[in-house]
Amino acid sequence: MGFPERRMRRLRRTPALRRLVAEHGLRVDDLVAPLFVKEGIDAPEPVASMPGVVQHTQESLRKEVRALAGLGVPAVILFGVPARKDAHGSGADALDGVVQVALRNLRDEVGDGLVLMADDCLDEYTDHGHCGILTDTGEVDNDATLERYASIAVAQAEAGADVIAPSGMMDGQVGAIRAALDGAGFTSTAICAYAAKYASALYGPFRDAAECAPRFGDRKQYQMDPANAREALTEVALDVDEGADMVMVKPALAYLDVIARVRDRFDVPVLAYHVSGEYAMVKAAARHGWIDGEAVALEHLLAIKRAGADAVLTYFAREVAELLGR
Ligand code: PBG
């Protein structure tokens, strides 16, 4: 005879009990909002594959960032879309480059009330769409690219960035950027390394938003192979060794095992990037009425926290901040 033990259900009985025993949570403080700013447009332009996301003008960006700060979102990361592209991505480190202008405006707008992160990469700025400088044979030249990343970092720091986030997956990028920042006197500018960034098919919508799809080939010679997890630990170890203050895993949901292992092994803050394709899939299914988009977004972001991320870069930042603040 005897009854089954009902121990596990006891603490699930009421919402208050469930809140009391929750192991993890999602807070506004965990959110980083990725934002696109485009040169030479006079009104924000919607990104078709990312409903709710726009390419901002300098003015609409200011407004958006003010709203995010008001909601308590602690950080944004900026991506620039220049009016002109060339082989060296000159717009990326120009004094009047679109991100540098935005950083100055935003610093002026929000002071130290919000962390300004800047993506340090070349793909948005090169006419070929690769993340670095090409050799004559069309390969991405690692060391020539490092010099460009270093120069971009200094331009972004000068313009007011708190955190430089190199996303190109060149070997030695963190060390090169740290040395350049220190050499230029920006010893307190931090580096968030895109340490374990995979060659993922989930970046498609971002490449529309940032207008940076490679004209030929793919990024598999510099971004990581999705088959590898141990290799991510080596990538992170190298970046930490070179001076990364924070590290990132990207994308997020298909790499929760990687987030968990990085969290386990390292003590620096771990960020995860819930990328454009992850956002677009939720939006598309929700639009069809096939899933509850808000609920799925919250569940996904919570899962990323549960895996061990300290913060999440997500296009849902504003929506979720509004939801959590309600
Ligand atoms: C490269 C960069 C990419 C993303 C962030 N930084 C694109 C790529 O590697 O092709 C993708 C982010 C996303 O999909 O949301 N500068």
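Mentor: Gladly! A residue is buried under 20% relative accessible area, exposed over 50%, and partly exposed in between, using a 1.4 Å probe and protein chains only. Here, Asp-29 is partly exposed, at 47%, and Arg-27 is partly exposed too, at 46%. This is a predicted model, where local features need pLDDT of at least 70 and side-chain atom pairs count only at pLDDT 80 or more, while totals for chains, interfaces and linings use all residues. Residues are numbered from 1 along each chain as its sequence is written, and side-chain values use heavy atoms, leaving out hydrogens and water.

Trainee: How many salt bridges are found in the whole structure?

Mentor: Side chains of opposite charge can pair when their charged atoms come close. The search finds 18 salt bridges (a side-chain nitrogen of Lys or Arg within 4 Å of a carboxyl oxygen of Asp or Glu). Among them, Asp-29 pairs with Arg-27 at 3.8 Å, N to O, and Arg-62 with Asp-108 at 3.7 Å, N to O.

Trainee: Which residues come nearest to the ligand?

Mentor: Of the 18 residues around the ligand (a heavy atom within 4 Å), the nearest are Lys-197, Arg-207, Lys-250, Ser-276 and Tyr-315.

Trainee: And what should I look for in polar contacts?

Mentor: Look for a pair of N or O atoms within 3.5 Å. A polar side-chain atom of Lys-197 lies 2.8 Å from a ligand oxygen. For Arg-207, a side-chain N or O atom is 2.6 Å from an oxygen of the ligand, and for Tyr-315 such a distance is 2.6 Å.

Terms used: A polar contact is a pair of N or O atoms within 3.5 Å; within protein, one must be able to donate a hydrogen and the other to accept it, and residues adjacent in sequence count only if both atoms are side-chain atoms.
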